[in-house]
Amino acid sequence: MRPHSSAEWLPLMLSADLPPMTAVPALMPEGTLALWRAESGTLALQADRCPHRGMRLSHGFVRGEALSCIYHGWRYGQTGRCLKIPAHPRLEPPEAIRVETHAVTESGGLIWGCLETPAGRPPTFDGLLPLRMISLSVSPERLATSELLDRREDGRMTIKLAGQDCLLLCLAQPDDSTLLFCLIAESASTDERIAASRALEACRIRLEAGETGKEISR
Ligand code: FES
């Protein structure tokens, strides 16, 4: 598995899986962040901890262009600044009340995040589109040695699913599991996408069961 640097864009989820006015936890190797999409469609990636009393902001709700904490309703903008404290409606929240905010963008049907100032744009994969994201209870190290997967010269992994050559983007998780983003040819038909998705699910079960023989994935 390719090592990550904190200035690297990492895939977080499929764009299609985050509709406007939704907040979700984004699983990064360093821990969970709050990822949300405003009504206008723009994204924010922020610390998953409310500065008030520590509630997880990924449990909050999005209204318009702001994320509200589910506990006492403090409202935060996409820059991280606190915009409103409902218990003190006449108070202009001090500038110092803010959540840490990270770089986030969309490219190729995926949402990408970066903990530090990113070096350039996210990678592009010509001719490929996201198929699905799955969570695997398999460590990245173990995945890297599996004979079910092939490896390209650039270190990325590939797999043939129901006759389709697919690219896998891997994201290590703090609990030693792995998030896998599977990309398939944009020319694949709906039936081919469904068949590949089912084959990926079968592959997940076999990987988690500890099977490694290449023949069982094809
Ligand atoms: S903990 Fe978030 S508003 Fe109180």
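This is a predicted model: local features need pLDDT of at least 70, side-chain atom pairs count only at pLDDT 80 or more; totals for chains, interfaces and linings use all residues.
Residues are numbered from 1 along each chain as its sequence is written, and side-chain values use heavy atoms, with hydrogens and water left out. Local features need pLDDT of at least 70 and side-chain atom pairs count only at pLDDT 80 or more, whereas totals for chains, interfaces and linings use all residues. Helices (H or I, at least four residues) and strands (E, at least two) are DSSP runs numbered from the N terminus.

Helix H2 comprises 19 residues, 190-208. From its first C-alpha to its last it reaches 27 Å, close to the 27 Å expected at 1.5 Å a residue, the expected span being 1.5 Å times one less than the number of residues. Its buried residues (under 20% relative accessible area; exposed is over 50% and partly exposed in between, with a 1.4 Å probe and protein chains only) are Ala196, Ser197, Ala199, Leu200, Cys203, Arg204 and Leu207. These residues cover an arc of only 165 degrees around the axis, which puts them on the same side of H2; the arc is taken from the directions from the helix axis to the C-beta atoms. Thr190, Asp191 and Arg198, on the other side of H2, are exposed. The cover over the buried residues includes strands S11 (128-136), S13 (157-161) and S15 (178-185) as well as helix H1 (140-144). Gly210, which follows H2, has a positive phi near 90 degrees.

Five strands form an open sheet with antiparallel pairing in the order S11-S15-S14-S13-S12, where two strands pair if DSSP finds at least two bridges between them. S11 and S12 (150-151) stand at the edges with a single partner strand each, so one side of each is left without a neighbour in the sheet. Two bridges join S12 and S13 in the antiparallel sense, and Asp150 has Thr158 of S13 as its bridge partner. H2 packs on this sheet, touching S11, S13, S14 (164-172) and S15, with contact meaning heavy atoms within 4.5 Å. The direction of H2 makes about 25 degrees with that of S11; axes are lines fitted to C-alpha atoms, for helices over the stretch in contact, and angles run from 0 to 180 degrees between N-to-C directions.

Elsewhere, strands S4 (43-47) and S9 (101-107) pair antiparallel over two bridges, with His102 of S9 as the bridge partner of Leu45. S9 is also joined to S10 (110-114), antiparallel, by five bridges, and Glu106 is partnered by Ile111 of S10. The hairpin of S9 and S10 has two residues between the strands, and Gly108 takes a positive phi near 60 degrees there.
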